Amino acid sequence: MDRAKIEAGVRLILEGVGEDPDREGLLKTPERVAKMYEEVFAGLVEDPAEHFETTFDEHHEEMVLVRDIPFYSMCEHHLVPFFGVAHVAYVPAADGRICGLSKLARLVDAFAKRPQVQERLTSQIADTLMEQLHPRGVIVVLEAEHLCMSMRGVKKPGTRTTTSAVRGALERNQTTRAEALSLIFARRD
Ligand SMILES: Nc1nc2c(ncn2[C@@H]2O[C@H](COP(=O)(O)OP(=O)(O)OP(=O)(O)O)[C@@H](O)[C@H]2O)c(=O)[nH]1
Ligand SMILES: [Zn+2]
């Protein structure tokens, strides 16, 4: 990532809004923001497939669901955060492999840490899981609040957007899909 370019851009934004980028409190702001962007856009320089180098041959053919994976992403239209939880479930194939549970959360992060729209983030997680594990099916559900809808524009704080991506057997088999959805949306208390 080109830190100098980000810093120059932030300085221009500060000037653009009528601030003085040379006043004490703002002196290090371009540098801080550049460091922050390196962190929140780290997914741009990461290959999500790398998280699936280690998998296990477990012959488990029932559904695996990791629910409530917190994520933070950046809306590509306004460059403000959208954030919430991801639920990722897959059904391993008969001759298929399972992955470490943490890898599902790493996969979510790899795609969340980019300029995104929620729909694409959801599909990318599902498609990569299909490619890497060749499972019978995958379902990914994301629930998120978009700050571009809360703090500005239409100003509707508290709205949550739910997106889903269903692949493979879960797409075809209504009973398995219903089971996944009832586990995902089961009451938490
Ligand atoms: N589908 C989709 N839309 C998004 C997402 N994040 C933000 N948006 C929307 O992207 C749209 C951009 O619309 P524009 O009309 O180009 O931009 P705008 O004038 O700033 O729109 P307002 O937010 O309505 O003020 C807005 O309706 C946002 O709510 C997302 O993840 N998915
Ligand atoms: Zn936005």
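How many bridges join strand 6 to strand 7? I will come to that after some conventions for this predicted model, in which local features need pLDDT of at least 70 and side-chain atom pairs count only at pLDDT 80 or more, while totals for chains, interfaces and linings use all residues. Residues are numbered from 1 along each chain as its sequence is written, and chains are lettered from A, with ligands numbered from 1, in the order in which they are written.

To the question, then: eight bridges join strand 6, residues 137-146, to strand 7, and the two run antiparallel, where strands are DSSP runs of E with at least two residues and helices are runs of H or I with at least four, numbered from the N terminus. Within this pair, Glu143 stands opposite Thr162 of strand 7. Both strands belong to an open sheet of five strands in the order 5-2-3-6-7, with mixed pairing, pairing being called when DSSP finds at least two bridges between two strands. The edges are strand 5 (115-116) and strand 7 (161-168), each of which pairs on one side only.

Turning to the helices, the 14 residues of helix 1 should span 20 Å at 1.5 Å a residue, which agrees with end C-alpha atoms 20 Å apart; the expected span is 1.5 Å times one less than the number of residues. Just after helix 1, Gly18 takes a positive phi of about 95°.

Helix 1 (residues 3-16) packs with helix 2 (residues 29-40) at an angle of about 125°, their axes 8 Å apart, the axes being lines fitted to C-alpha atoms over the stretch in contact, with angles from 0 to 180 degrees between N-to-C directions.
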